[in-house]
Amino acid sequence: MRLQHLVVALSVVLVAACSSGDDDDNAATTDAPASTTTPEPTTTTTTIATAASLCAAPAPTQVGTVADAAIVELSGLAVSRTNTNELFAHNDSGAGPDVYVLDRTGATTRRVTLAGADAVDWEDIAAQNGVLYVGDIGDNAAQRPEIVVYRLPEPGAAGEVEAERIVLHYADGPHDAEALFIDPVEQQLVIVTKALDGNSGVYATPLDTPAALERVADLSLGAAQLVTAGDISAAGAVIALRTYGTVFVWDRQEGETIAEAFAREPCQAPSAIETQGEALALELDGRGFVTISEGQNPAIWTTSAG
């Protein structure tokens with residue numbers, strides 16, 4: 001009888017211990033997913049990891065070559081928001097008011113002419129929500145009293161298209177600029193100036209009611225770091241600016257303004273060595289970018305965090 005009682009007692013203890021262990025395992029399994037799906041930590045971690053991963057990405061890879069002989073001064077580049085296999089590009093000053101649609105190998109799939117538009121000094125192009133913004137913002141002598149940005153839907157076919165003409169000026173006088181992007185968070189048109197000493201200004205104006213471009217931030221990127229292109233990810237969490245030899249990347253935390261994001265130190269992403277690098281386009285998720293140089297049949301380079 002005593003042995004039987006002992007066996008029963010031990011059985012009860014073992015069952016209780018096993019049950020307790022199972023509960024702990026179940027609790028750990030349940031809690032882990034809950035902690036990773038909490039909105040705030042997930043957003044913050046993803047934002048930081050995106051920029052950090054991009055700056056730690058492998059060396060750029062050549063994925064194609066621009067085949068069109070008419071594209072010899074490629075200055076603006078954007079990834080389509082409706083078909084990520086397509087790139088929108090345009091030439092620099094002196095060319096016609098044309099936007100070229102390229103596939104990822106560099107072949108031109110169609111060419112679109114902006115009816116009634118001028119091409120004084122086209123320098124950058126941005127894409128947001130299926131809309132293109134072409135920046136006639138170049139001003140080497142810093143003397144243009146007004147600059148122009150053309151707004152149009154992403155073109156689905158070749159030919160001539162109508163574009164809205166947005167006339168802008170800087171509140172503090174003319175500047176030369178080659179970088180333009182559309183902030184999807186604050187709904188602003190943003191232009192970054194090109195400065196010989198590397199001290200660029202960041203200017204912004206509301207997208208729905210454009211007014212004078214107001215200086216919202218200052219950048220000190222270093223001597224000879226002339227900003228030649230810029231872009232922002234589709235969600236507004238990553239910002240990239242390129243110079244002739246460097247690609248700078250900033251994190252943009254949830255709730256931050258553009259000015260607050262630019263107040264942070266950028267990291268530097270791997271970039272190709274290009275003869276005259278004036279074009280950069282971020283991938284929609286901000287985990288990669290495309291660059292192309294000016295020149296005849298330039299290479300198409302991609303940098304990707306994977």
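**Note on aromatic pairs and the disulfide**

1. The structure, a predicted model, holds 4 aromatic pairs.

2. Y170 and Y203 form an edge-to-face pair, with 5.0 Å from centre to centre and 80 degrees between the planes. The pair links distant parts of the chain, 33 residues apart: Y170 sits in the loop between β10 (164-168) and β11 (177-183), and Y203 in strand β13 (residues 199-206). Y170 has 5% relative accessibility and so counts as buried. Y203 is also buried, at a relative accessible area of 0%.

3. W250 and F262 likewise form an edge-to-face pair; their centres are 4.9 Å apart and their planes are at 80 degrees. Because W250 belongs to strand β17 (residues 247-251) and F262 to helix α3 (residues 258-262), this pair ties together parts that are 12 residues apart in sequence. Both residues, W250 and F262, are buried. Together with F248, W250 and F262 make up one aromatic cluster.

4. The model has 1 disulfide. It joins C55 to C267, with an S to S distance of 1.9 Å. The link of C55 and C267 is right-handed, with 75 degrees about the S-S bond. C55 lies in helix α2 (residues 39-55) and C267 in strand β18 (residues 267-269), so that the bond connects distant parts of the chain, 212 residues apart.

5. Where does each cysteine fall, buried or partly exposed? C55 counts as buried because its relative accessibility is 16%, under the 20% limit. C267, at 25%, counts as partly exposed.

Terms used:
Residues are numbered from 1 along each chain as its sequence is written. This is a predicted model: local features need pLDDT of at least 70, side-chain atom pairs count only at pLDDT 80 or more; totals for chains, interfaces and linings use all residues. Side-chain values use heavy atoms; hydrogens and water are left out. Rings of Phe, Tyr and Trp (its six-membered ring) pair if their centres lie within 6.5 Å; planes under 30 degrees apart count as stacked, over 60 as edge-to-face and the rest as tilted. Helices (H or I, at least four residues) and strands (E, at least two) are DSSP runs, numbered from the N terminus. Buried means under 20% relative accessible area, exposed over 50%, partly exposed in between (1.4 Å probe, protein chains only). A disulfide is a pair of cysteine sulfur atoms within 2.5 Å.
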